[in-house]
Amino acid sequence: MRLQEKYVRVLVREMILQEKTLEDIVKTPSPEDAPPGVNINRDYMPPLDYMYNRATSDYRRKMKSQWNQNADQAFFQDPKNLYVYHKLGLYSGRRSLRDYFPPRQIEIGKIPGIDFPSKNEMNCFGIINPTEEERKSQRSDEFGSFRDEFFTFKKYRVTLASLYDLGTELLSQATPIEFEKFKSSGLPKRPPANTPHSFFPLDREGVGERRRLQDVVIDNWIIDTYYCREENMAYAKKIGLKCEKI
């Protein structure tokens, strides 16, 4: 019986591998076919807040769930296949380490993301099949400035991967009400309702010739190293964060 179950799982995985992106499994609906109350017009700029209308929130959550159900998790969760890093404040403009770990809001030795996993999701860039040099430094990448500070991680779980920037919620704009609402699960990062399903690769083949993914969402993350300018190293060491000068 166990052999039969194992064979079925292998067969299902082989069938999934024939699909490159989520579009191959779940077609992006047209604006006319969207669920009631959900605007998926590509010309529409959706709000980036957390407390949006229920129908849209449910649709965005479902999109993310569909990716998780169909993606090759063995590929996306393995750092040898997909190496992730986060550039500080790239879109929010809040680039200081103190913005991520405010002195008055943390207790040294008990900091989420440093001392134990953070449940709040975070947007990262991803490198496909990274070289040893690419693991050590992102100064040669095409995203942002060579002087951008960034985090690498020793623990995390990929919850969504996209070929292009998604424009998810910004943690820096979350309100106290939203922090309270998501206190147990952590603040989520969800794609806008009008995101084409073709943005989401399901496996290595779906990534194509690209070496980098522009948006990889992670949760349960712990920072490994903070690459920073010399003037920011003192605060990093104070809060127990390993750092290296860029």
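Analyst: What follows goes through the pocket, the packing and the salt bridges of this predicted model.

User: What does the lining look like by class?

Analyst: There are 23 nonpolar, 12 polar and 12 charged residues in the lining of the largest pocket.

User: And which element gives the most to the lining?

Analyst: That is β2, with 4 residues. The elements that each supply at least two lining residues are β1 (82-87), α4 (97-100), β2 (122-128), α6 (176-181) and β4 (212-228).

User: OK, on to the core. Which residues touch the most other members of the largest nonpolar core?

Analyst: Phe153 and Ile218 do, in a core of 47 residues. Two or more residues of this core come from each of α2, α3 (73-76), β1, β2, β3 (150-162), β4 and α8 (233-238). The most come from β4, which gives 8.

User: What is Phe153 in contact with, sequence neighbours aside?

Analyst: Beyond four places in sequence, Phe153 contacts Val84, Tyr85, His86, Met122, Cys124, Ile218, Trp221, Ile222, Ile223 and Asp224.

User: Switching to Met63. Is that one buried or exposed?

Analyst: Met63 has a relative accessible area of 2%, so it is buried. Met63 sits in helix α2, which covers residues 54-70.

User: What is around Met63, leaving out neighbours within four places?

Analyst: Met63 is in contact with Leu22, Pro191, Pro192, Ala193, Thr195, His197 and Phe200. Take Pro192 from that list: Met63 and Pro192 are 129 residues apart along the chain, while their C-alpha atoms are separated by 9.5 Å.

User: Now charges. How many salt bridges does the structure hold?

Analyst: It holds 14. One of them pairs Glu205 with Lys20, where the closest N and O atoms are 3.8 Å apart. Glu205 is in helix α7 (residues 204-207) and Lys20 is in the loop between α1 (2-16) and α2, so this pair links parts of the chain 185 residues apart.

User: How accessible are Glu205 and Lys20?

Analyst: Glu205 is partly exposed at 46% relative accessibility, and Lys20 is also partly exposed, with a relative accessible area of 40%.

User: What about Asp148, what does it form a salt bridge with?

Analyst: Asp148 pairs with Lys87, with the closest N and O atoms 3.7 Å apart. Because Asp148 lies in the loop between α5 (132-136) and β3 while Lys87 lies in strand β1, the pair ties together parts 61 residues apart in sequence.

User: Are Asp148 and Lys87 buried or exposed?

Analyst: Asp148 counts as buried at 10% relative accessibility, and Lys87 counts as buried at 4%.

User: Which residue does Glu107 pair with?

Analyst: Glu107 forms a salt bridge with Lys110, and their closest N and O atoms are 3.7 Å apart. Glu107 is partly exposed, with a relative accessible area of 47%, whereas Lys110 counts as exposed at 53%.

Technical notes:
Residues numbered from 1 in each chain as written. Predicted model: local features only at pLDDT ≥ 70, side-chain atom pairs only at ≥ 80, totals over all residues. Heavy atoms only, no water. Nonpolar A, V, L, I, M, F, W, Y, C, P; charged D, E, K, R; others polar. Buried < 20%, exposed > 50% of the residue type's maximum accessible area, 1.4 Å probe, protein only. Contact = heavy atoms within 4.5 Å. Core = buried A, V, L, I, M, F, W, Y, C linked by side-chain atoms within 4.5 Å. Salt bridge = Lys/Arg side-chain N within 4 Å of Asp/Glu carboxyl O.
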